[in-house]
Amino acid sequence: MIEVRFHGRGGQGAVVASEILATALFKEGKFVQAFPAFGVERRGAPVMAFLRFDGAPIRRRSQIYEPDHVVVLDPTLLLAVDVTAGLKPHGTILINSEAPPESFSALNRFVVATVPAGEIAVAHGLGTRTNPIVNTAILGAFARLTGFVSLETLLEAMAEKLPERQRERNQAAARAAYEAVTIAAALERSIR
Amino acid sequence: MTPTLTGTKKVVTGNHAVSYGAMLARVQVISAYPITPQTQVVELLSEFCANGTLRAKFIKVESEHSAMAALIGAASTGARTFTATSAHGLALMHEMLHWAAGARLPIVMADINRAMGPPWSVWTDQNDSLSQRDTGWMQVYCESNQEVLDTVIQAYRVAEKVSMPAMLVLDAFVLSHTAEPIEIPDQSLVDEYLPPYRPLYKLDPNDPRSFGALAPPDVYMELRYKMHQAMEDALIEWARADEEFSELFGRRYGLIEPYRADDAEILLVTSGTVTSTAREVIDELRAEGRRVGLLKIRVFRPFPAQLVRAALQDTEKVAVLDRNISFGMGGIFAQEIKSALYNSTKRPPIFGFVAGLGGRDITPSVIREIIDYTESHDEPEDLIWVGVKR
């Protein structure tokens, strides 16, 4: 079973991201379970969302404490919350950032990857420069980074989960981010 | 949200599984008041009503008490009715819950289990639904989103058969906000399973009758006797509804479900989503060679006492996991199970555990701890608090 944790801010679409990814994995034959951090959300406050997937039906319904992978939708969260909490050794952290992965030296015991999801989102008309909606872009990068799901299936899942008028922009952003992800060179080979 | 294609598999939340169930049951009147974590249930249903997916009257009201009152009126005219609520919303309905049951109206409601305040909580436990135990509503506790959808449909079948209201119950967040794959059955199959509601008596200007009149002592008790008989009948009807459901849809749940219970020396009794996690733990313990099994209680009212007795009497010890507390007594499922076994000649010792109140996570290790405790103690204890900070 693989467990993923998304860190975002209320309104950025972390929960929707987990559900789109779940739908894509399900389309490729996986059993899936996606859920938000249980509680109340406020716009701008740190939020989390979770995803489990496996080749067998998932029965565990407790929360996720030791994820295999972490996705960070907003780089300022690195200053606010411990995004590595419980992350398995050699787990991956995908960060929305224009900076190269090597610049996150404090995280060097993990596999760090970055993608300028904010820039990509804005370029595709998703949100504003101060409040870009990066959830679909970062999923494109996640698909490339992990290889868990094909880009095509991910785009299909977006078509299913998003309102029609938002589809193309989001799919284009995911495609662009798929091409733009950068993985810390020294660690690239250790990704499972 | 575009109109849904049925007969497909989709990744949906527990809340939306409820909405799809109500849609497929072709409910005619919905009345509800929003409350976390239920709101998404009726939000999607209101969209279905607005875009024509569901031809139902959606009545907005100022409180849950009014929501249930509106459904009592609608059901009295012979309409199939639905609502959903949680915690304080359910508590506010309390008076009307008695009325719905006493008036023998087959209203179906989803209660998303949420802990009662104060202090405020939005997280899961069972005290809200169990506080309504004696109102005359059937109660069914669900474990997965598929079971949630299927139970909505089964609930109408049974409720309309025995003329008693039914509440399906699902854990806040653990199901309500958790998305997982479910099969959304074909509408034509659901129609075959669940024909339109045809009440024996209804409010009809062309056939005037009086409802809810004063009942003097010489008839009141007979009406209460009939309600109890209807609940007894409902035990048979749930089994029948489940059997026929499995023939059409290939899924069945039982009133209770023993899991790896054969030859078990310890049986853990659970309800709701804890059951799902417990299955995994039981498999692990069995792989370690330990003789432990599980008994899931799905239908809580009517209480399937005979089935519970038969399932538990030959085991050496029973551990009941309650996500609820009756202050001054203990876990409520534990009390019911003790009560069911007391007149039996074979009565295994029963350990009562209370865990997971107010949404505290029940992890595999919590479940292991409960089984280890039961295994290592000879004398049963009525109330063991799990993981409480003292």
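Visitor: How many helices and strands does chain A have?
Guide: Chain A has 6 helices and 7 strands. Keep in mind that this is a predicted model.

Visitor: In what order do the elements of chain A run?
Guide: Starting at the N terminus, they go β-α-β-β-β-α-β-β-α-α-α-α-β.

Visitor: What radius of gyration does chain A have?
Guide: It has 15 Å. A compact globule of 192 residues would be near 16 Å, so chain A agrees with that. Along its principal axes, the C-alpha trace spans about 40 × 40 × 35 Å.

Visitor: And what share of chain A counts as buried?
Guide: 53% of its 192 residues.

Visitor: Let's pick one piece. Why is strand E5 of chain A largely enclosed by the rest of the structure?
Guide: Because 5 of its 5 residues, 92-96, are buried. Both faces are covered. Thr92(A), Leu94(A) and Asn96(A) are buried on one side. Ile93(A) and Ile95(A) are buried on the other.

Visitor: Which strands pair with E5(A)?
Guide: Strand E4 of chain A, residues 69-72, pairs with E5(A) over 4 bridges, in the parallel sense. Strand E6 of chain A, residues 111-115, also pairs with E5(A), again in the parallel sense, over 5 bridges.

Visitor: Which residue is the bridge partner of Val70(A)?
Guide: Ile93(A), in E5(A). On the E6(A) pairing, Leu94(A) stands opposite Ala113(A).

Visitor: What do strands of a sheet pair through?
Guide: Backbone hydrogen bonds, either parallel or antiparallel.

Visitor: Okay, over to chain B. How many helices and strands there?
Guide: Chain B has 13 helices and 15 strands.

Visitor: What about its radius of gyration?
Guide: Chain B has 21 Å. With 390 residues, a compact globule would be near 21 Å, so the value agrees. The C-alpha atoms fill a box of roughly 70 × 55 × 45 Å along the principal axes. Buried residues make up 53% of the chain.

Visitor: What share of its contacts join residues at least 24 apart?
Guide: In chain B it is 80%, among contacts between residues at least 6 apart in sequence. In chain A, counted that way, it is 60%.

Visitor: What order do the strands take in the open sheet of chain B?
Guide: The order is E3-E2-E4-E5-E7-E6-E12. That makes 7 strands, with mixed pairing.

Visitor: Which ones are the edge strands?
Guide: E3(B), residues 57-60, and E12(B), residues 299-301. Each pairs on one side only. From one strand to the next, the twist averages 20°.

Visitor: Which helix packs on that sheet?
Guide: One that does is H2 of chain B, residues 40-51. H2(B) touches E2, E3, E4 and E5 of chain B. Its direction makes about 140° with that of E2(B).

Visitor: New topic. Where is Gly21(B) found?
Guide: In helix H1 of chain B, residues 14-24.

Visitor: Buried or exposed?
Guide: Gly21(B) counts as buried, because it has 28 C-beta neighbours inside 10 Å. The cut-off for buried is 20 or more.

Visitor: Which residues is Gly21(B) in contact with?
Guide: Setting aside neighbours within four places in sequence, they are Val148(B), Leu149(B), Val152(B) and Ile153(B).

Visitor: Now the two chains together. How many residues does each give to the contact?
Guide: Chain B gives 20 residues and chain A gives 18. On the side of chain B that touches chain A, strand E8(B), 179-184, and helix H10(B), 274-287, are the elements that give two or more residues. H10(B) gives the most, with 4 residues. That side divides into 9 nonpolar, 7 polar and 4 charged residues.

Visitor: What ipTM does the predictor give the complex?
Guide: An ipTM of 0.93, with a pTM of 0.95.

Visitor: And where does pLDDT stay under 50 in chain B?
Guide: Over residues 1-5. The model has 7 contacts for them beyond four places in sequence. For chain B as a whole, the mean pLDDT is 96, and 98% of its residues reach 70 or more.

Key:
Residues numbered from 1 in each chain as written. Chains lettered and ligands numbered in written order. Predicted model: local features only at pLDDT ≥ 70, side-chain atom pairs only at ≥ 80, totals over all residues. Contact = placed C-beta atoms within 7 Å. Nonpolar A, V, L, I, M, F, W, Y, C, P; charged D, E, K, R; others polar. pLDDT = per-residue confidence, 0-100. Buried ≥ 20, exposed ≤ 12 C-beta atoms within 10 Å, placed from the backbone. Pairing = 2+ DSSP bridges. Axes fitted to C-alpha atoms, helices over the stretch in contact; angles between N-to-C directions. Rg over C-alpha atoms; globule rule 2.2 N^0.38 Å.
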